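Subject: Handing over a structure

Dear colleague,

I am passing a structure on to you, and below it you will find notes on what turned up in it. Please keep it open while you read.

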Amino acid sequence: MKKERNKKFRLLIPLIIASVLFLSLTALAQTGKIQEATELSPNLIVTVTPAEARVDIYEYDQRGIFKREFVDNGSLPLNLPEGKYRIVILRGYEYQPYQEEVEIKEEEIKKINVNLKHLYNMNKLGWYSGDAHMHTIYSDGKQKFPILVQAAKAEGLNWIITTEHNEGVFKSWEHLHKHNYNTPLFQVYFGEEVTTFHSGHFNALGIEGYVDYRLPLEEIIAQTHEYKGLIVANHPFSGPLLGDLSSYFWQVENGYAKFQPDLDGVEVWNGDWNWENEETLKYYFHLLNQGYKFFALANTDTHNVYSNPPGTPRTYVYLGEKKLSKEEVKTALKLAKIFLTSGPLLQFDINGKTPGETLKVKLKENITFNIKIKSVYSLSSLFIIKNGFVFYYNGKLTGKGHMETVSFPADKNSWYLLRVLGENGTQAITNPIWIKVD
Ligand SMILES: [Zn+2]
Ligand SMILES: [Zn+2]
């Protein structure tokens, strides 16, 4: 009897424990659910066309962004604390930014419905925008790969080249082979930021493999060439550990720059414009004056898409009638068919020759500079740079568009480029057009 009761009791105990556990877990799950539902219940829904865009949310009367999100399917449900906000919706530099003020109140759902205006269609003119330097969690970046892609699309970019440091490329390589992000107007290519202590940082762009940073420099270069990669000197003036003094591809001594023959291009613009970029640009001019022809890039080097979205600044390449592809982008880069921008969109030619091209003329023959600028931000000034010096200046630009034609007689072999400044520190710079005088 005792035994029997004990047995029953022994059976009962786990049953009681199990029931208590089950009941408390259910209760927990329900509370969890309720809380989750409250957390997710939106009080602001942003609907946007095209389906990918960036949404910046500012608190009323506050500086700085309160929250930033990237929309990738046309709709963004948000839950904001009560209060007044300014919602700014953007998609790169070709679409009219949209803003609206909203007041969020308890138990009310506000809606914003936007059709972003495509003011300037650069693809129609043969120009495709991209960013050739960025990181994810596969090296020292903050976000996962799909978030980087979502942000790049929201910025209206056409191509990106992912460039993890060293071994990080293995994971990104694997990821890119598993997921095909490419469509006719948005493509992801593969690169590597070869990160060395002895020779600085350089990007191997558009490669098909892994460049081993531990090898001696000659072998690193040989490997990059074997994979048909373009060699770009990164952020050359960002300090000894990040490439400056130790940079093999960007050696400046006593104010004199020395060109390394394996160099294809230089990142004259890394992230927000600063004195380091200005310094790189100056030495880029020095090297062009020595007769070297190589391209200049604008990249974000983003490690966090929320604080530094891809494509701010960006590099436009000219493909003309050709379809967007890795090979075409690489060819356009190599030929310096490029302009760089954080806002203004440039069309610049000399007697019909565009950036990267060479115009042959007779001595004293008239050369005509055709300038067409469009921007979603106000413009302020333009400079034509000839062999590193300001050759022509117009500081009276106003509004968001400008057209100008100026002519001068050709005097000697030269290179020219166009630099444009606008409001809020926005600017744009073309790669050079070369003039050969007979
Ligand atoms: Zn770097
Ligand atoms: Zn980097």
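Rings of Phe, Tyr and Trp (for Trp, its six-membered ring) are taken as a pair if their centres lie within 6.5 Å, and the planes count as stacked under 30 degrees apart, as edge-to-face over 60 and as tilted for the rest. By that rule, W250, F259, Y284, F285, Y292, F294 and W415 are linked into a cluster by ring pairs.

Before going on, please note that this is a predicted model, in which local features need pLDDT of at least 70 and side-chain atom pairs count only at pLDDT 80 or more, while totals for chains, interfaces and linings use all residues. Residues are numbered from 1 along each chain as its sequence is written, chains are lettered from A and ligands numbered from 1 in the order in which they are written, and side-chain values use heavy atoms, with hydrogens and water left out.

The structure holds 27 aromatic pairs. In one of them, the ring centres of F70 and Y306 are 5.5 Å apart with the planes at 45 degrees, so this pair is tilted. Because F70 belongs to strand 3 (residues 67-71) and Y306 to the loop between strand 16 (295-299) and strand 17 (314-318), the pair ties together parts that are 236 residues apart in sequence; strands here are DSSP runs of E with at least two residues, numbered from the N terminus. F70 is buried at 5% relative accessibility, whereas Y306, at 32%, is partly exposed; buried means under 20% relative accessible area, exposed over 50% and partly exposed in between, with a 1.4 Å probe and protein chains only.

F202 and F249 form an edge-to-face pair, with 5.2 Å from centre to centre and 70 degrees between the planes. F202 is buried, with a relative accessible area of 2%, and F249 is buried with a value of 2% as well.

Technical notes. Helix = DSSP H or I, 4+ residues; strand = E, 2+ residues; numbered from the N terminus.
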